[in-house]
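Good morning. Please look at the display first.

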Amino acid sequence: MKPTIAAFPATRLRRLRKSPAIRAMVSQNSLSPADFIWPVFVRDGEGVVEPIASMPGVNRLSVDKVVEAAREAHALGIPAICLFPYTDPALKTEDCAEAWNPENLSNRATRAIKDAVPDIAVMTDVALDPYNINGHDGFVENGEIVNDRTVEALVKQTLSQAAAGADIIGPSDMMDGRIGAMRAALEAEGHSNVLILSYAAKYASAFYGPFRDAVGASGALKGDKKTYQMDPANSDEALRLIERDLSEGADMVMVKPGMPYLDICRRAKDAFGAPTFAYQVSGEYAMIAGAGERGWVDGEKVMLESLMAFKRAGCDGVLTYFAPAASRLLNG
Ligand code: PBG
């Protein structure tokens with residue numbers, strides 16, 4: 001039922017904004033460190049903190065430094081950390097075998113974090129691009145990104161991540177049928193408690209540019225990802241993808257990128273009521289952090305406002321590179 005609003009002056013909506021106390025009483029959404037998943041970039045070595053030029057304030061970290069980051073995240077109240085490996089170019093091949101190597105960077109980082117900070121949830125990325133000589137998320141045969149053979153490889157990658165101790169598997173590849181195949185394999189191999197957060201509605205976006213620098217995929221990538229990632233013009237298709245992934249056994253779903261796609265977040269939450277996340281991606285981060293660094297906007301305020309927008313749009317949480325900085329501010 002729609003509440004009736006009395007005519008002015010009986011209704012003065014500014015009364016509800018008159019003081020911090022009243023504003024706090026009627027505030028509809030809130031933001032806390034528990035809303036964040038923190039994506040971090042892992043690289044080889046020890047004691048390494050390597051800045052990423054296109055993402056001011058974000059570094060590639062060696063495994064020992066990732067463990068420190070996880071400790072810090074846990075102390076701040078951030079519930080989950082998400083790992084993206086920067087793979088040595090010498091390990092990139094056509095068959096992407098490094099993706100399911102039990103000793104690969106992502107698996108080593110997962111084990112180290114679960115050893116040192118068992119209470120933080122570790123999310124891992126399922127897709128072939130960090131290991132693929134041509135930078136694509138799937139196998140390429142005669143110029144085509146092939147689906148079914150890729151799904152078989154993604155299942156192997158999933159199982160190796162689950163065996164390393166990943167709590168949440170994050171398939172970011174956009175192949176068809178992968179969620180069902182991964183869910184069945186996890187069940188069969190004794191990993192029935194491993195969650196799947198599906199990158200269900202992932203768009204072919206120019207906002208991923210800095211990320212591809214961060215994981216070293218920019219140089220490798222030939223062509224674009226438009227035959228598997230979504231057309232930014234579409235929204236009904238996003239709902240079909242989300243419904244499909246939920247029906248195949250995804251526990252949670254994601255919309256990606258975030259801020260340019262808040263309409264999709266709202267529609268997804270309203271349609272399915274599933275745990276819904278947005279990924280505030282590298283290009284969104286770079287724009288806010290870059291403009292903040294130059295003093296063109298108040299970086300901290302814009303950061304918090306951008307994160308609140310996800311909550312307002314119906315998201316249960318956000319993957320954001322701002323997770324530690326925002327949490328420090330929110331914790332006072
Ligand atoms: C690829 C992947 C991408 C991101 C996460 N996983 C980039 C892409 O699809 O090319 C982007 C994240 C970001 O931009 O922050 N599997």
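Let me start with a serine: the side chain of Ser282 has an N or O atom 2.7 Å from an oxygen atom of the ligand. Taken alone, the ligand exposes 400 Å², and the protein buries 100% of that. Before I go further, please keep in mind that this is a predicted model.

Arg212 has a polar side-chain atom 2.6 Å from an oxygen atom of the ligand. On Asp137, an N or O atom of the side chain is 3.1 Å from a nitrogen atom of the ligand.

How many residues surround the ligand? There are 17, and the closest are Arg212, Lys225, Lys256, Ser282 and Tyr321. So much for names; now the classes. The shell around the ligand has eight nonpolar residues, six charged residues and three polar residues. As for the space that the ligand takes up, that space is the largest cavity.

Now the chain as a whole. Its secondary structure comes to eleven helices and twelve strands. Along the principal axes, the C-alpha atoms fill a box of roughly 70 × 45 × 40 Å. Why compare the chain with a compact globule? Because a compact globule with 332 residues would have a radius of gyration near 20 Å, and the chain has 20 Å, which agrees.

Last, a few points on the backbone. As background, most peptide bonds are trans, and most residues other than glycine have a negative phi. Here are some places to look at with that in mind.

Which peptide bond is cis, with omega near 10°? That is the bond from Phe8 to Pro9. Pro9 lies in the segment before helix H1, which covers 20-26.

The bond from Lys256 to Pro257 is also cis, with omega near -5°. Lys256 has come up already, as one of the closest residues around the ligand. Pro257 is placed in the loop between strand E10 (252-256) and helix H8 (262-272).

The other point concerns phi. Cys96 is not a glycine, yet its phi is positive, near 55°. Where does Cys96 sit? Cys96 is in the loop between strand E4 (80-85) and helix H3 (105-116).

How values were computed:
Residues numbered from 1 in each chain as written. Predicted model: local features only at pLDDT ≥ 70, side-chain atom pairs only at ≥ 80, totals over all residues. Heavy atoms only, no water. Near = heavy atom within 4 Å. Polar contact = N/O pair within 3.5 Å; in protein donor to acceptor, adjacent residues only side chain to side chain. Areas by Shrake-Rupley, 256 points an atom, 1.4 Å probe, with all protein chains shown as cover. 1 Å grid on protein atoms, 1.4 Å probe; cavity = no way out; pocket = protein on both sides within 12 Å on 5 of 7 lines; lining within 4 Å. Sits in = over half its atoms within 2 Å of the grid points. Nonpolar A, V, L, I, M, F, W, Y, C, P; charged D, E, K, R; others polar. Helix = DSSP H or I, 4+ residues; strand = E, 2+ residues; numbered from the N terminus. Rg over C-alpha atoms; globule rule 2.2 N^0.38 Å.
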